[in-house]
Amino acid sequence: MLSLIFIGIRLEQQFGFSTLSVPFCSGSVLSSLFIQRSISVGASGALFGLLGAMLSELLTNWTIYTNKAAALITLTVIIVINLAVRILPHVDNFAHIGGFLTGFLLGFVLLLRPQFGWVGRKHLPASARVTSKHKAYQYLFLVIAMVLLIVGFIVGLVMLFRGENGHDHCSWCHYLSCVPTSKWHCGN
């Protein structure tokens, strides 16, 4: 919950509640495909949605950060630690992975910022050349993310409504939810 508070407050202050609510509510489709006989509740899928959105925001708005390496390393360490703790049995890592991937892709779509040096058209003289508000790579990330989101959700929802089990298409995916050790067994 502390991670959710710190990350959520920072992103909400920068982008607003309505923009941030979409990545917050991500991850359920992947969880429903792989864990069909259990109920999964909690805010950790939302936390990973925010972590994914924060990572894509960092990559998309790379030029406005002053200490790029520190920001990327800190965020990567937080993500790895949160994923590593989640290998315990009976933890819905599919909600975490689905939340992270959806938040990551939605971050490219929803969390764009104008680049430094951009000036609105109304503040320029009529003869001035107007530069683009966003960089070309930001538009490229946006288009790729939109395509992947649409295709991913359509495929996921079609599989879900057909009643397909995700494990039938991925033989090793059960290790994402539980890693068996000498201390515990994963069962079904």
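Which residues in H4 meet which residues in H5? Hold that thought while you set up the view.

**Before you start**

This is a predicted model: local features need pLDDT of at least 70, side-chain atom pairs count only at pLDDT 80 or more, and totals for chains, interfaces and linings use all residues. Residues are numbered from 1 along each chain as its sequence is written, and side-chain values use heavy atoms, with hydrogens and water left out.

**Stop 1: the whole chain**

Show the chain as a cartoon. The secondary structure comes to eight helices and zero strands. Helices (H or I, at least four residues) and strands (E, at least two) are DSSP runs, numbered from the N terminus. Read from that end, the elements run α-α-α-α-α-α-α-α.

Now colour by burial. Of the 188 residues, 34% count as buried. Buried means under 20% relative accessible area, exposed means over 50%, and partly exposed lies in between (1.4 Å probe, protein chains only).

Contacts come next. Contact means heavy atoms within 4.5 Å. Among contacts between residues at least 6 apart in sequence, 78% join residues at least 24 apart.

**Stop 2: H4 against H5**

Select residues 44–60 for helix H4 and residues 68–85 for helix H5. Their axes come within 11 Å and cross at roughly 155°. Axes are lines fitted to C-alpha atoms, for helices over the stretch in contact, and angles run from 0 to 180 degrees between N-to-C directions. H4 and H5 are therefore roughly antiparallel to each other. The cut-offs are these: angles under 35 degrees count as roughly parallel, over 145 as roughly antiparallel, 65 to 115 as roughly perpendicular and the rest as oblique.

The crossing of H4 and H5 is left-handed. A crossing gets that name if the near helix is turned anticlockwise from the far one by less than a right angle, and is right-handed if clockwise.

Now show side chains, and the opening question gets its answer. From H4 come Leu47, Phe48, Leu51, Met54, Leu55 and Leu58. They meet Ala71, Leu72, Leu75, Ile78, Ile79, Asn82 and Leu83 in H5. These contact residues divide into twelve nonpolar, one polar and no charged. Ala, Val, Leu, Ile, Met, Phe, Trp, Tyr, Cys and Pro count as nonpolar, Asp, Glu, Lys and Arg as charged, and the others, Gly among them, as polar.

**Stop 3: H4 against H6**

The crossing of H4 and H6 is right-handed. Residues of H4 in this contact include Gly45, Gly49, Gly52 and Ser56. On the H6 side, look for Gly99, Gly103 and Gly107, among others. By class, the contact of H4 with H6 has nine nonpolar, ten polar and no charged residues.

Zoom in on alanine 95, in helix H6. Is alanine 95 buried or exposed? At 13% relative accessibility, alanine 95 counts as buried. Leaving out residues up to four places away in sequence, alanine 95 touches Gly27, Ser31 and Gly45. Alanine 46 is 49 residues from alanine 95 in sequence, and 8.5 Å from it, C-alpha to C-alpha.

**Stop 4: H6 against H7**

Select H6 (residues 93–110) and H7 (residues 136–162). Their axes come within 8 Å and cross at roughly 140°. H6 and H7 are therefore oblique to each other. The crossing is left-handed. H6 supplies Thr102, Leu105, Leu106, Phe108 and Val109 to the contact. H7 supplies residues including Phe141, Leu142, Ala145 and Phe153. The residues of this contact divide into eleven nonpolar, one polar and no charged.

Stay on phenylalanine 141. This residue is partly exposed, with a relative accessible area of 29%. Beyond its neighbours within four places in sequence, phenylalanine 141 is in contact with Leu59, Thr60 and Phe108. Draw a line between the C-alpha atoms of phenylalanine 141 and threonine 60: they are 81 residues apart along the chain and separated by 7.6 Å.

**Stop 5: a loop residue**

Pick isoleucine 35, in the loop between helix H3 (28–34) and H4. Not counting residues up to four places away in sequence, isoleucine 35 touches Asp92, Phe94 and Ser177.

**Stop 6: the disulfide**

Finish at cysteine 170 and cysteine 173. A disulfide joins them, S to S 1.9 Å. The rule asks for a pair of cysteine sulfur atoms within 2.5 Å. The torsion about the S-S bond is about 85°, so the disulfide is right-handed. Cysteine 170 is buried at 11% relative accessible area, and cysteine 173 is buried at 7%.
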